[in-house]
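Me: I have a structure open and want to learn to read it. Please take me through it step by step.

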Amino acid sequence: MINLTINDQKVAVPAGTTVLEAAKSLKINIPTLCNHPDLCVAGNCRVCVVEQKGARTLVASCATPVSEGMEINTNTLKVRNARRHIVELLLSEHRSDCTKCYKNTKCELQALANEFAFGDNIFLDLVEDHSYTIDRSSPSFVKDDSKCIRCQRCVRTCSELQYISAIAVANKGAHQKISSFHDRPMSHVICTNCGQCVARCPTGALTEKTYIDQVWDAIYDPDKYVIVQTAPAVRVALGEDLGYDPGERVTGKMVNALRQIGFDSVLDTDFSADLTIMEEGTELLTRLKKALVDKDASIKFPMFTSCSPGWIKFIEHKYPEFLPNLSTCKSPQQMFGALAKTFYAEKKKIDPAKVVSVSIMPCTAKKYEADRPEMRASGYKDIDFVLTTRELAVMIKQAGLDFRNLESAGYDNIMGDSTGAAVIFGATGGVMEAALRTAYEIVTGREVPFNNLNITPVRGLEGVKEATVKIEGCTDDWKFLEGAELKVAIAHGLVNANKLMAEVREGKSPYHFIEIMACPGGCIGGGGQPIPTSKEIRQNRINAIYSEDENMVLRKSHDNPDVIALYKEFLGKPNSHKAHELLHTHYVERDNF
Amino acid sequence: MENKVLNKVGLIFENVDPKEVLTKAFNMSKDEVIQQVLDSGLKGRGGAGFPTGLKWKFTAAEKDPEKYIVCNADEGEPGTFKDREILDRVAYKVYGGMAIAGRTIGAKEGYVYLRGEYKFLLPKLMKELDDFHKMIDEIGYDFRIHYRLGSGAYICGEESALFESIEGFRGEPRNKPPYPTTSGVFSKPTSINNVETLVTVMMIIKDGAESYFKLGTKDSRGSKVFSISGDTPTPGIFELELGMSVQQFVDEFGDGDTKAVQVGGASGFCVPRKKFTETIIGFEGVPTGGSMKLFNSSRSMYNVLHNYLDFFTEESCGQCTPCRVGCQQLLKGVEKVKKGESKSTYLNELVKLAETMKIASKCGLGQSVGNAFRTIVENFREEIIY
Amino acid sequence: MYEVEDLVKDLSTKYGTGRSSLMPILQGIVEKHNYLSDEVMVEVAKTLDISAAEVYGTASFYTFLDTQVRGKYVIRVCKTITCSMKGKGEIMQVIEDMLKIRPGETTPDRMFSLLETNCIGWCHKAPAILINEIPYTELTPEKVVEILKSYMKTK
């Protein structure tokens, strides 16, 4: 242990601890900006400087390891003056149109300014000296360089967590900026639209592209029938933007709020998550059968899940030779969308042209996914607007709802029923678990052999997880799988996905089925979720997901009555011709830059 | 304060038999070499002035079997051109110094990071390097030197930025600690030394620590190669004993009308005429990596300051706030004051900002922008305002 | 296209495909083509298995690793204090007049680009310029005219 004093308080911490962490253990708050718990230390912004006795200069507490006998002061006049200057400097190159900014009241620079730099500006405005670009080319987010404070959180996110580096630091000195490849529009580079950078940007430089106004317009248009679906991960995180602690489930209140906002039908993406399992599980078993019984060499393993649009774009750019390995299933959002303007409209006797289909997603990439040209199976744009969890919170506030005191309500019927298997889609490993619960039962007629259906090896925040399920006691149709060991793996965060993909490329991957989610923690850590995010917050959301699952009466996708009815009345059976037309898709090879 | 008279010295460019010096060094124990360098009082000749012997001692003490010696030839400080001259004339002594350092700290490989502006020298330097490699092979010493070229980035003269550049990244200075002696290039223990420092080591080994120690003053031992330019009838390279006053320097090199000397380049200090006598050139007074620029009374110190600030605004790496934004603010600030668009008292705010840059910037660049700013504004305030 | 691939292949064979080869490879390309095209940066990214944005980000840090089209001869006029004091302005004017381009521009025949640069280490022989890697020092307007004429002849 290393002994030091901070503001005259003694503390002993393990070697390698930073001054910032040591101060935290003493409940001494040091302001930070470029620091983020998910990312490597940068030490760029210098907001966290403190005085170290005997040092020639102030030291950045985030980047300075403790040393024996160190004496630190976090609040001297020297520190305060420097900190004030630094915040003022950041403000001088930041377009401070705070009252109009989407991040107003949620901006970390604004909060610092509030603490350290109120009153008149000390320094000259530099914004006018730069020719800043505002890039609105992506359907998912807006990159506004005039609000960028060069903390490089986004750059570190894109490289450390996502292994993409669609953005990097470019130029130097006064011209330094965060840039895509040669300043190309973000829509024309390798960006996956995952929004992890958006979730970590301290200012309004990276924000989701909002469609709130368009959704309100649709709601107030008497000629439109507006239906909304909510993704599994939204219900366990929405509360964070409305005053709840991370991990509090607000499903019932959320449904009520959506109804009060004025959506004509409040439906559940969980329904189509169950449907996805039926389609994808069947696809997996069919592939196994083709490969093992029919000896069809064109069938590729491992098969990859296809629910995460960030992951889809990643593989399209970086591993296009493995596109045949991707499940052809659309994501739950898009399955829902395809059915909303066909099956649902038919059942409800509404003109599909008048249906506006909105989805609430923990994700920014879903906005992009909805825009893909493939996603028009209904003859219309299957999903009209995608809102993030954060945008929904804004709408709830705009509607003047007293969220905390709302009664719980249930989803509307037809496409509102769901099972616990669908809920867990929101957490990393959830799709795999849901698929195993169903596939195992199809093949053996028995429940998957895990206590209370909880397939714990596929759960948790480990970057790459794997499991082996031995298939025994197959029914007659599936005898060819008797005794087989189904090997599965799960990765979340594209840096982990890349590890599995590198293995696949080297021909060393032993797996049959791989679940990949683009975002750390899975959808609960999506780029559209409430800010901030950290491992602890993601763990809390995951815990909430699993308790939601445990509280469901039905916990296996094939038990979902709405899904059973859908096949009976409309689709026939899983992977039927009609199911393929509406619920499956294809992929596009893209450039690796 | 000691005050030596101006004394021209000829150590750096003196031709020696490298084989003889290296053989002598290799016959000493590593500790003996370190002790000699410590005893000589040699401080790094790049400008920062860290004792060379200590740097080697720390690096030698590291357990990692893979270590590096790096020669910093990224001479970018405005007004400095001595390393080019040294490499042009006595590159073999630079290589010799690297070999001695390499053996002492336990490095089998060295890098010379040569600024891109000096690329024209490379063919000759490479040929001399081949000869050098042959010579050490003859001695039976296993050591290799590689060249890396810069590509026009002043900041790469900062040691950790230089490592980043060798590793193929943007030349952005790292957080310290860890220092290069524990984690330098390729995250391995590294001794990084200036061109002149390495040559000086050759001479210390050849002549012994004592003769070097006799030169200079308590805080600034030995001699130093100065790059002299500006308003002087005799611009060029001069090796001088340390410890002279600016007045003595001006008496020798001035044009009779010197009003200020910028010591240490754009990141150094401006000494006005009234302080010539009291100011010693060396670590006890104004330290310098060798850049000495003279300005006579026809020059506008506003233009000088503006030129320096323009330089830093472009050459800051841009990663840390005080330096990236601070440089722009200082530049725009003095422009506004000059134009009368800001009050002259705004200069006081800018001086405070320069102080913040000095104590809060991530690396030596940002920390030293304030030197020239403060000393020019304090001494030539009227020229900045009117 | 093949030319780009071959060049990057040659350079990566010489310097390796690790990250630390990036600078020598980019320098090698600039030596041949005077600037880094998007095409070549993408090829380098592919060869070194790093992102193209990273290659661009690194290149754009270094003044001599141009990512804009440059002429066969890149003239860099030192603008730092001593050169500035000793007649940089005049030198610049002469070059501008002769080549009919402004700083930052390239002649339509892609022979010359004119740029300003920071201290190139010839303060004692100011004013100084670099043409590609060759320094020219103690310049006068007359000397510059002669130098440029000699380059024009080598077309």
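Me: How many helices and strands does chain C have?

Reply: First, the ground rules. This is a predicted model: local features need pLDDT of at least 70, side-chain atom pairs count only at pLDDT 80 or more, and totals for chains, interfaces and linings use all residues. Residues are numbered from 1 along each chain as its sequence is written, while chains are lettered from A and ligands numbered from 1 in the order in which they are written. Helices (H or I, at least four residues) and strands (E, at least two) are DSSP runs, numbered from the N terminus. Chain C has 7 helices and 4 strands.

Me: In what order do the elements of chain C run from the N terminus?

Reply: The order is α-α-α-α-β-α-α-β-β-β-α. The C-alpha trace of chain C spans about 50 × 30 × 25 Å along its principal axes.

Me: What percentage of the residues in chain C is buried?

Reply: Count neighbours. A residue is buried if 20 or more other C-beta atoms, placed from the backbone, lie within 10 Å of its own. In chain C, buried residues make up 48% of the 155 residues.

Me: How many residues of chain B are in contact with chain C?

Reply: Two residues are in contact if their C-beta atoms, placed from the backbone, lie within 7 Å. Here 38 residues of chain B are in contact with 31 residues of chain C. Helix 10 of chain B gives the most to the chain B side, with 6 residues.

Me: Which classes make up the side of chain B that touches chain C?

Reply: Sort by residue type. Ala, Val, Leu, Ile, Met, Phe, Trp, Tyr, Cys and Pro count as nonpolar, Asp, Glu, Lys and Arg as charged, and the others, Gly among them, as polar. That side of chain B has 14 nonpolar, 14 polar and 10 charged residues.

Me: Which domains does chain B have?

Reply: Domain bounds come from an automatic or database domain assignment. Chain B is divided into domain 1 (18–213), domain 2 (223–296) and domain 3 (301–385). The centres of domain 1 and domain 2 of chain B, taken over C-alpha atoms, are 26 Å apart. Their contact takes 14 residues from domain 1 of chain B and 17 residues from domain 2 of chain B.

Me: And in chain A, how many residues of domain 3 are in contact with domain 4?

Reply: In chain A, 26 residues of domain 3 are in contact with 22 residues of domain 4. Helix 10 of chain A supplies the largest share of the domain 3 side, 5 residues. By class, the domain 3 side has 16 nonpolar, 4 polar and 6 charged residues.

Key: A residue is buried if 20 or more other C-beta atoms lie within 10 Å of its own, exposed if 12 or fewer, and partly exposed in between; C-beta atoms are placed from the backbone.
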